[in-house]
Amino acid sequence: MCLAVPMKIKEIKKGFARAEAGGISRTVNIEMLPDIKKGDYVLVHAGFAIQKVDARRAEETLRMLDEIR
Amino acid sequence: MRYVEEFRSKNLIKRLARKIEISAPRQPVNIMEVCGTHTHNFFRFGLDKILPAGIKLVSGPGCPVCVSTQEYIDKSIAYARRRDLIIATFGDMLRVPGTESTLEKERSSGASIFTVYSPLDALRLALANPSRKVVFLAVGFETTAPAVALTVLAARREGIRNIFFFTSLKLIPPAMDYILRDRRVKVNGFLCPGHVSCIIGTKSYAFIPKRYKIGCCVAGFEPLDILTGIYFLLQQINRKRPQVANQYLRAVTASGNARAQRITREAFSVYDASWRGFGDISGSGLILKKSLRRFDAGDELPLKIKLRTSPAGKEGCRCADVLKGLIQPPQCRLFRRSCTPQTPLGGCMVSAEGACHAYFRYRQSEF
């Protein structure tokens, strides 16, 4: 039940944002992430953005994965 | 989808599987995946088939539907039977067997039960039906708690008086501590829940390596995330250096989402919650603060009927042992005989995240 999907922020409006992923667009509450900006990726759970996806740290993980041989 | 496909690369999965095979210790290893979404995805992506035989994943208590008490389910059904109420619930709850019925059965006999995706949908239901009372079944862990908190706070701010929250919100670290205190439990490492950790941070598990000398790794939910998490845990076991590792770097930090934590604290206080199969665990649940009690279904909508709840649930059901990782689902004698996803007798068979459900669905060929 703690499912969360990474979605891209398209537009921000008073505590809510329009976010998109896989061709689906949703209105999500962003009160837990006051510094979020258009273009950021967030994890969305039950209609709420719960955390920003850190692009740099995602790269780091993928690089680390590539180095495991 | 970005941040999804990259973590499903078949090449990297194969390479990581080989690496895990090489680093598997001689003695058998039990890794507890605490989160139900890990359980589900582990089977869904066929990862059980690529792990070496000595490494066993055992399911933990991280499926909210599975750990909700029989009393909570029976009371939810009792609310559904009241024709003056509208029930809003997450879909997983519908088929959970109460002592006498399920929400799904109540709905087919006329109860107003709406499946919602977000607690905010329950608030919208209340706005759209001003003459009726809406009861939201707020079930979940730390991930869901701030979402429920923001919804309660919004109801107060906007003066919405016809929404009530029937809460069963639970906290994961106290449940892990409870499991570790049971000497029968043999766990060599914890795969910690990624989205709970988004909120509470890796620091919340520090007591586990410190007090119990058992390693933890917070992991994401894609196949590469889960496998890397297992690999990191094996490294800790081999080096005998238990610590809290973080594989889910892209979403989890040491301290978590401080604002979400503050929001949760604004609406809820911590109390000793009751878990199915475990009983009361000190400091393991959240209840609405006194100042918000007028939104509490338990306080505002007392049930006048007497419940005939059997505390242990269905006779012979071994969900409690499954949730502690003491047995695997097929070791329960109800499993697949009288207990199936179509006719679930225990919580672990109801939810798609329950260990029994996942076993039934993905390992049919072995029975």
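1. The axes of α1(B) and α11(B) cross at roughly 20° and come within 10 Å. An angle under 35 degrees counts as roughly parallel, so α1(B) is roughly parallel to α11(B). The crossing of this pair is left-handed. The model is predicted.

2. Which residues make the contact between α1(B) and α11(B)? From α1(B) come B:L12, B:I13, B:L16, B:A17, B:K19, B:I20 and B:S23. They meet B:P223, B:L224, B:L227, B:T228, B:I230, B:Y231, B:L234, B:Q235 and B:N238 of α11(B). By class, the residues of this contact are 11 nonpolar, 4 polar and 1 charged.

3. Chain B has an open sheet of 6 strands, in the order β4-β3-β5-β6-β11-β10, with mixed pairing. β4 (113–115) and β10 (268–275) are the edge strands, each pairing on one side only. From one strand to the next, the twist averages 25°.

4. Within chain B, β5 (residues 133–140) pairs with β6 (residues 163–170) in the parallel sense, over 7 bridges. B:V134 has B:I163 in β6(B) as its bridge partner.

5. Helix α8 (residues 172–180) of chain B lies across β6, β10 and β11 (279–288). Relative to β11(B), α8 runs at about 175°.

6. Between the chains, 42 residues of chain B are in contact with 29 residues of chain A. Several helices of chain B each supply at least two residues to the side that touches chain A, among them α1 (10–23), α7 (145–157) and α11 (223–239). That side of chain B divides into 25 nonpolar, 9 polar and 8 charged residues.

How values were computed: Residues numbered from 1 in each chain as written. Chains lettered and ligands numbered in written order. Predicted model: local features only at pLDDT ≥ 70, side-chain atom pairs only at ≥ 80, totals over all residues. Contact = placed C-beta atoms within 7 Å. Helix = DSSP H or I, 4+ residues; strand = E, 2+ residues; numbered from the N terminus. Nonpolar A, V, L, I, M, F, W, Y, C, P; charged D, E, K, R; others polar. Pairing = 2+ DSSP bridges. Axes fitted to C-alpha atoms, helices over the stretch in contact; angles between N-to-C directions. Parallel < 35°, antiparallel > 145°, perpendicular 65-115°, else oblique. Left-handed = near helix turned anticlockwise from the far one by under 90°.
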